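Hi,

Here is the structure I promised to pass on.

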Amino acid sequence: WRGCEGAPYSTLVPSDEVTINYRHGLPVITLMLPTRSERCQFTVKPVVTTVGAFLQDVQREDKGIERAEVFATDGSKVSDATLMEVLLMNDFKLIINNTVYSVSPPVKAKLSSEHATEMEDIKSLVHRLFVALHLEDHQIRKERELLQKLDHLKEELLPLEQVKTRIMGSADAKTSRLLWVGLALMSTQGGALAWLTWWVYSWDIMEPVTYFITYGSAMAFYAYFVLTKQDYIYPHAKDRQFLHYFYRKSKKQHFNVERYNKLKDDLAEAEESLRRLRQPLHLRLPIQEISDKD
């Protein structure tokens, strides 16, 4: 039999050299240690133990083992991340140094519904205990990653924020000037109509003029709606003009608005993730420990 790299193995050992039995619902793997020449039993927890962890336990037990791998019957190598529960469902080959052990796991007897439910509860409990024991380390690692990401995003945003502040100041000044110009024109128009009405002509002559001025203003507002699909509301019109000046100035200053918005969205997402991580509902928040180590 050959492995995944095609290298031949010197010895093929029958399956009885490696036995698997179940004790108290857990599989016990018994095999011969090559250096110590004695049989050793390994009790595994199939729900949480991986193939890599099992092989490491075997190598720790016998320091003379230089190579320990698991292959499927078709010659493909089994990943170290595979759970033992999955591995024990089918036959496999265990390779220790240059010796190949053919292993046939026993078929477990079908459990009763009550026993099966009890076993599922035990598996769920073991999984929750495993998560609880490793949750604090996961929170510390995750919070460090988020803090590093926040620092990196803030460094990238700092020069962009400075450019944006200058552009916003310029756009706001131009928008304010435009508003004052509009007020001045409306005041001038009102004064001119009053002067023409009372000093130059009479109201009978100026009435049609004011009518057409009003009608022309209504046409202008309707044209604004047709072009922008928005009603002419002064705050909205001011914001629209501000954005017009802002984007035109950004193009001149080579300010990448899309990249700035993307960085702001990433920063908000990272801050929200950090806020959720630090919520009181999480178990034993390691904020102080991180601060001390940093």
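Predicted model: local features only at pLDDT ≥ 70, side-chain atom pairs only at ≥ 80, totals over all residues.

Let me start with Lys 262, which counts as partly exposed at 48% relative accessibility (buried is under 20% relative accessible area, exposed over 50%, and partly exposed in between, with a 1.4 Å probe and protein chains only). Its side chain meets that of Asp 266 in a salt bridge, 2.9 Å from N to O (the cut-off: a side-chain nitrogen of Lys or Arg within 4 Å of a carboxyl oxygen of Asp or Glu). Asp 266 counts as buried, at 17% relative accessibility.

Residues are numbered from 1 along each chain as its sequence is written, and side-chain values use heavy atoms, with hydrogens and water left out.

On the overall layout: the protein has 7 helices and 7 strands (DSSP runs numbered from the N terminus, helices being H or I with at least four residues and strands E with at least two). From the N terminus the order is β-β-β-β-α-β-α-β-β-α-α-α-α-α. Of its 294 residues, 26% count as buried.

Back to the salt bridges, of which a search of the whole structure finds 7. One of them joins Arg 259 to Glu 156, with the closest N and O atoms 2.9 Å apart. Arg 259 is in helix α6 and Glu 156 in helix α3, so this pair ties together parts that are 103 residues apart in sequence. Both ends are partly exposed, Arg 259 at 38% and Glu 156 at 23%. Another pairs Asp 57 with Arg 60, whose closest N and O atoms are 2.2 Å apart. These two are 3 residues apart in helix α1 (residues 51–61), about one helical turn.

For the method: on a 1 Å grid over the protein atoms alone, a pocket is an open set of points where a 1.4 Å probe fits, with protein on both sides within 12 Å along at least five of seven lines, and lining residues have an atom within 4 Å of a point. Of the 20 lining residues of the largest pocket, Leu 179, Gly 182, Met 186, Tyr 232 and Tyr 234 are the closest to its centre. Helix α3 gives the largest share of the lining, 9 residues. By type, the lining divides into 13 nonpolar, 5 polar and 2 charged residues.

There is also a nonpolar surface patch made of Trp 195, Trp 198, Trp 199, Val 200, Tyr 201 and Ile 205, with about 790 Å² of accessible area together. Its residues each have over 30% relative accessible area and no salt bridge, and nonpolar side chains are joined within 5 Å. Helix α3 (residues 113–200) gives the most to the patch, with 4 residues, while Tyr 201 lies in the loop between α3 and α4 (203–228).

Most residues other than glycine have a negative phi. Asn 97, in the loop between β6 (92–96) and β7 (99–103), has a positive phi of about 55°. His 254 has a positive phi of about 60°; this residue lies in the loop between α5 and α6 (257–277) and counts as exposed at 74%.

Cheers

Notes:
Patch = residues over 30% accessible without salt bridge, like charges linked within 9 Å, V, L, I, M, F, W, Y side chains within 5 Å. Areas by Shrake-Rupley, 256 points an atom, 1.4 Å probe, with all protein chains shown as cover. Nonpolar A, V, L, I, M, F, W, Y, C, P; charged D, E, K, R; others polar.
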